[in-house]
Amino acid sequence: VASNEPNTSAAGSGAESAALFSKLRSFSIGSGPNSPQRVVSNLRGFLTHRLSNITPSDTGWKDSILSIPKKWLSTAESVDEFGFPDTLPKVPVPPLDETMADYIRALEPITTPAQLERTKELIRQFTDPQGIGPRLHQYLLDRRETEDNWAYQYWLNDMYMNIRIPLPINSNPGMVFPPRRFKTVHDVAHFAARLLDGLLSHREMLDSGELPLERAASREKNQPLCMAQYYRLLGSCRRPGVDRDSQYLPSRERLADEDRHVVVFCRNQMYCVVLQASDRGKLSESEIASQILYVLSDAPCLPAKPAPVGLLTAEPRSRWAQDREMLQQDEQNHRNLELIETAQVVLCLDEPLGGNFNARGFTGATPSVHSAGDRDETNMAHEMIHGGGSEYNSGNRWFDKTMQLIICTDGTWGLCYEHSTSEGIAPVQLLEKIYKKIEEHPDEDTGLPQHHLPPPERLEWNISPQIQARFGQACQSVDKAIDNLDFYVYRYQGYGKTFIKSCQVSPDVYIQLALQLAHYKLYGRLVATYESASTRRFLLGRVDCIRAASTEALEWAKAMCQGEGANVPLESDREDEEESRKVKFSIYSKDHLRELFRCAVARQTEVMVKNILGNGIDIPLLGLREASVDVTGEMHELFKDESYNISQCFLLSTSQVVACSTDSFMGYGPVTPRGYGCSYNPQPEQVVFCVSAFYACEDTSASRYAKSLKESLDIMRDLLQN
């Protein structure tokens with residue numbers, strides 16, 4: 001969900017950012033005589049120094065990685081103040097043989113010998129000089145020459161637009177911020193107004209081109225990063241399609257007569273609040289608060305129960321596309337849809353969830369840090385991810401909208417965001433910036449003055465009998481999906497990234513290996529694991545996949561478990577007590593375990609570096625798969641292979657929630673019915689995990705996996721301390 005670009009930092013002026021962004025559409029690589037060879041030397045020297053302590057048996061990967069910056073920079077015409085090209089490079093197409101060798105290596109720990117051998121034979125045929133592989137590879141190279149990002153549309157469709165399952169739980173992450181203390185409804189309106197005012201100020205910064213340019217903080221420090229996704233957050237929306245979804249993305253140029261508005265949801269009612277109008281300018285905070293207060297007082301007093309139109313956005317995409325088509329046949333409905341889709345954001349004013357959404361933890365688990373009444377952190381995360389069901393707030397949503405700000409009357413607040421327009425870092429940084437300003441400049445609310453503004457327009461829908469019948473069906477399917485979600489916010493408080501860094505290991509690499517060990521302890525095997533890796537060093541770059549399930553990680557996990565079998569059955573407290581009384585013997589010495597850990601760290605670091613430098617395997621494999629359809633009209637046998645299907649079924653889907661300066665956390669559901677979702681926020685003295693599974697799968701349990709994580713992190717500390 002969130003990118004793995006390490007600790008990006010903003011640098012440079014807004015003018016620098018605007019100048020770079022203005023070149024996105026006209027990017028080209030020159031071949032002038034002033035190529036920055038000194039930069040090439042510096043980058044190669046930097047990587048050589050950083051990677052010199054990594055000594056896996058196969059060192060060919062190092063030469064491959066070190067050659068990438070040379071390919072980027074050797075023909076650049078001009079450079080910026082840090083010696084990098086002042087135009088972003090295009091995403092590379094790695095050599096075919098290199099991609100296939102890395103693919104085989106990724107399959108080794110997750111497939112059987114027979115499956116792997118069949119795949120190797122398919123690859124031999126595919127890469128033969130007379131085979132289709134070289135032809136498809138050249139097709140991608142040609143595509144790279146003509147497009148800003150040869151992979152972007154392939155990736156966007158495969159990751160999001162072609163997926164037909166519902167957005168909540170399966171795609172949209174939910175984020176919880178530290179809860180507020182509201183004494184009156186005025187407090188709710190005032191806080192909402194401050195958030196919206198901050199968003200509007202951010203919108204104005206985008207319009208002026210003053211968004212600071214971010215640069216990489218490690219691995220070629222100060223390299224500029226693509227900022228395109230930051231411009232897609234506000235005013236955008238996903239639109240359902242019967243076969244494939246699409247996106248509404250607003251123009252970067254604001255028209256002179258264009259109004260800026262948000263749509264506020266309250267008790268399934270919808271109101272259009274204009275924040276900036278061409279005839280009266282921008283509303284003040286108190287004026288926005290008065291509009292929100294009107295909504296909070298009007299929605300509960302309406303005599304008729306509103307139609308839960310928002311609930312339809314939680315349905316499977318093809319079904320929702322058909323419903324949307326029926327809705328917009330009516331002129332009033334069509335206008336409502338347009339107002340929602342073009343709104344800067346959606347603001348959802350919620351009612352609290354019941355205590356039945358509280359955590360189902362395990363004996364000895366740490367208690368919740370944040371609470372709102374009797375609601376714990378797990379409960380609050382449920383509200384952000386899906387709204388709680390048809391009887392709570394799931395109809396008080398528009399899940400297609402890129403950013404839904406959610407504020408509950410009990411002080412719980414956060415975000416639900418549609419993932420296709422950007423990675424998690426963009427909305428997280430935006431909201432944290434606004435929240436930090438609110439915290440640093442508390443404004444005593446002495447009451448809301450009356451403003452002579454027209455009340456916000458309430459959106460009224462004309463509901464046909466066919467759509468009316470759909471509401472009942474949607475209620476059942478949404479409630480069933482929510483009841484199936486096994487979700488747990490777990491705070492590991494044994495240590496955090498301070499200790500991990502003292503072990504001279506990247507916190508992300510360390511936690512990824514802990515996730516592998518936790519899974520192995522439960523199931524006795526590793527599975528295809530997804531971790532997003534930022535590719536923002538490239539033009540229109542988004543993410544590739546860091547595959548943490550490596551042969552080195554498997555050998556280490558086996559040794560750490562000292563030959564014990566998998567522990568799949570759920571443990572009761574009594575079994576826990578019996579387990580603690582067992583006498584355990586160490587088969588391997590600590591020195592041997594540390595050496596295996598070092599090798600696993602080296603491999604994980606290698607894969608991470610290759611990904612962020614544009615040399616991963618998942619994007620190239622996707623490109624070859626789609627190219628085979630483009631060129632031959634059908635998918636090649638290599639991509640129908642059993643091993644390929646195993647590699648694409650991510651039974652462990654993970655991400656680091658980056659840039660969290662507040663004590664906040666983000667969660668989501670698994671990406672497959674038999675899998676786990678696990679996000680993590682490493683803090684100095686703790687790590688916050690959001691673990692998810694589905695109750696319908698008897699072999700998975702969020703709390704059991706969290707417990708295995710605790711045990712894994714504990715024994716890793718015992719292994720590495722001192």
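The largest cavity is lined by 15 residues, of which D102, A106, R603, V607 and I617 lie nearest its centre. A cavity here is a set of points, on a 1 Å grid over the protein atoms alone, where a 1.4 Å probe fits but cannot get out, and lining residues have an atom within 4 Å of a point. The model is predicted, so that local features need pLDDT of at least 70 and side-chain atom pairs count only at pLDDT 80 or more, while totals for chains, interfaces and linings use all residues. Residues are numbered from 1 along each chain as its sequence is written, and side-chain values use heavy atoms, with hydrogens and water left out.

About 190 Å³ of space lies in this largest cavity, where a volume is the space filled by probe spheres set on the grid points, which are joined across faces, edges and corners. Helices α4 (96-107) and α19 each supply at least two residues of its lining, and α19 gives the most, with five residues; helices (H or I, at least four residues) and strands (E, at least two) are DSSP runs, numbered from the N terminus. By class, the lining of the largest cavity has five nonpolar, four polar and six charged residues, with Ala, Val, Leu, Ile, Met, Phe, Trp, Tyr, Cys and Pro counted as nonpolar, Asp, Glu, Lys and Arg as charged, and the others, Gly among them, as polar.

Helix α19 (residues 590-612) also packs against other helices, one of which is α16 (residues 507-523), where the two axes come within 10 Å and cross at roughly 115°. That angle makes α16 roughly perpendicular to α19. Axes are lines fitted to C-alpha atoms, for helices over the stretch in contact, and angles run from 0 to 180 degrees between N-to-C directions; those under 35 degrees count as roughly parallel, over 145 as roughly antiparallel, 65 to 115 as roughly perpendicular and the rest as oblique. The contact (heavy atoms within 4.5 Å) is made by V509, Y510, Q512 and L513 of α16 together with F597, A600, V601, Q604 and T605 of α19.

Helix α17 (residues 551-560) packs with α19 at an angle of about 155°, their axes lying 8 Å apart, which makes α17 roughly antiparallel to α19. On the α17 side the contact involves E552, A553, E555, W556, A559 and M560, and on the α19 side L593, L596, F597, C599, A600 and R603. These residues divide into nine nonpolar, no polar and three charged. R603, one of the α19 residues in this contact, is also among the residues nearest the centre of the largest cavity.

By class, the contact of α7 with α20 has five nonpolar, one polar and four charged residues.

How values were computed:
On a 1 Å grid over the protein atoms alone, a cavity is a set of points where a 1.4 Å probe fits but cannot get out, and a pocket is an open set with protein on both sides within 12 Å along at least five of seven lines; lining residues have an atom within 4 Å of a point.
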